[in-house]
Amino acid sequence: MAYLVFSGSTRRNSYHTHLAHAAVDQLDQSGQAYTLLDLADYPLPIYDGDIEAAGLPENARTLRQIFARHHGLVIANPEYNGSITPLLKNVLDWVSRKDDSVKDIEPYAGKTALLLATSPGSLAGQRAIRHTREILTSLNAIVLPQHVAVPTASQAFAPNGELIDEKQKAALKTQLNALIQLTEKLAD
Ligand SMILES: Cc1cc2nc3c(=O)[nH]c(=O)nc-3n(C[C@H](O)[C@H](O)[C@H](O)COP(=O)(O)O)c2cc1C
């Protein structure tokens with residue numbers, strides 16, 4: 001099984017990029033295959049049907065193919081005003097569009113997903129998770145019922161980006177293991 005891990009923020013020193021790295025470290029330790037994706041490498045215009053009508057942007061095509069090659073998604077999901085970030089929504093929207101030049105690939109349906117969030121506040125960005133869960137579910141992905149939420153982001157990460165709190169590391173490990181189990185079960 002292979003997991004696609006990415007952050008919904010491209011900000012330098014993004015807490016969500018730290019979380020994505022923490023997830024990758026644990027997948028690595030448990031011997032799983034993964035890709036750590038940096039959305040900054042795949043800039044896309046804000047979705048517009050006229051742009052699509054002129055041809056799916058190259059980065060949207062590439063991202064569709066990258067999504068399709070993986071069995072599970074791990075998304076570090078920042079919260080803006082109680083919801084998903086425009087960057088993440090835009091990427092999810094572009095990737096959901098058909099690419100007539102590449103048939104029979106599936107970027108979402110049947111894939112598992114684990115959502116991670118953190119924020120400077122005590123709610124840890126959990127309201128956004130609800131929205132991303134709905135979006136992914138509407139795309140026929142199977143989102144784990146549990147998520148990982150890390151409050152007080154400014155104190156949660158060491159200077160090297162690692163999670164400091166052992167309980168939070170353990171919570172991440174538990175949910176990644178649940179993702180792995182579910183993904184393997186679905187592939188049986
Ligand atoms: C436009 C905007 C709206 C935000 N709204 C929320 C919010 O509703 N809840 C929250 O916990 N944090 C909110 N924040 C703070 C973000 O959680 C914070 O900027 C966080 O660091 C973003 O993730 P990143 O570090 O991965 O970039 C908001 C930030 C911005 C820029």
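**Exercise 1. Work out how many residues surround the ligand in this predicted model, and which are the closest.**

Step 1. The shell holds 13 residues.

Step 2. Pick out the closest: Arg11, Ser14, His16, Glu79 and Asn81.

Step 3. Sort the shell by class. Six residues are polar, four are nonpolar and three are charged.

Step 4. Helix α1 (15-29) and strand β4 (79-80) each give at least two residues to it.

**Exercise 2. Find polar atoms of Ser14, Ser119 and Asn81 that face ligand atoms, and say how much of the ligand is buried.**

Step 1. Begin with the serines. Ser14 places a polar side-chain atom 2.5 Å from a ligand oxygen, and for Ser119 a polar side-chain atom is 2.9 Å from an oxygen atom of the ligand.

Step 2. Now turn to the backbone. A polar backbone atom of Asn81 lies 2.7 Å from a nitrogen atom of the ligand.

Step 3. Finish with the area. The ligand taken alone exposes 620 Å², and the protein buries 71% of that.

**Exercise 3. Describe the largest cavity: its space, its lining and the helices that supply it.**

Step 1. Count the cavities of 30 Å³ or more: there is one. The largest cavity contains about 40 Å³ of space.

Step 2. List the lining: Gln26, Leu27, Gln29, Ser30, Lys173, Leu176 and Asn177.

Step 3. Sort these residues by class. Four are polar, two are nonpolar and one is charged.

Terms used:
Residues are numbered from 1 along each chain as its sequence is written. This is a predicted model: local features need pLDDT of at least 70, side-chain atom pairs count only at pLDDT 80 or more; totals for chains, interfaces and linings use all residues. Side-chain values use heavy atoms; hydrogens and water are left out. A residue is near a molecule or strand if one of its heavy atoms lies within 4 Å of it. A polar contact is a pair of N or O atoms within 3.5 Å; within protein, one must be able to donate a hydrogen and the other to accept it, and residues adjacent in sequence count only if both atoms are side-chain atoms. Accessible areas come from the Shrake-Rupley method with a 1.4 Å probe; for residues, only the protein chains shown count as cover. Helices (H or I, at least four residues) and strands (E, at least two) are DSSP runs, numbered from the N terminus. Ala, Val, Leu, Ile, Met, Phe, Trp, Tyr, Cys and Pro count as nonpolar, Asp, Glu, Lys and Arg as charged, and the others, Gly among them, as polar. On a 1 Å grid over the protein atoms alone, a cavity is a set of points where a 1.4 Å probe fits but cannot get out, and a pocket is an open set with protein on both sides within 12 Å along at least five of seven lines; lining residues have an atom within 4 Å of a point. Grid points are joined across faces, edges and corners, and a volume is the space filled by probe spheres set on the points.
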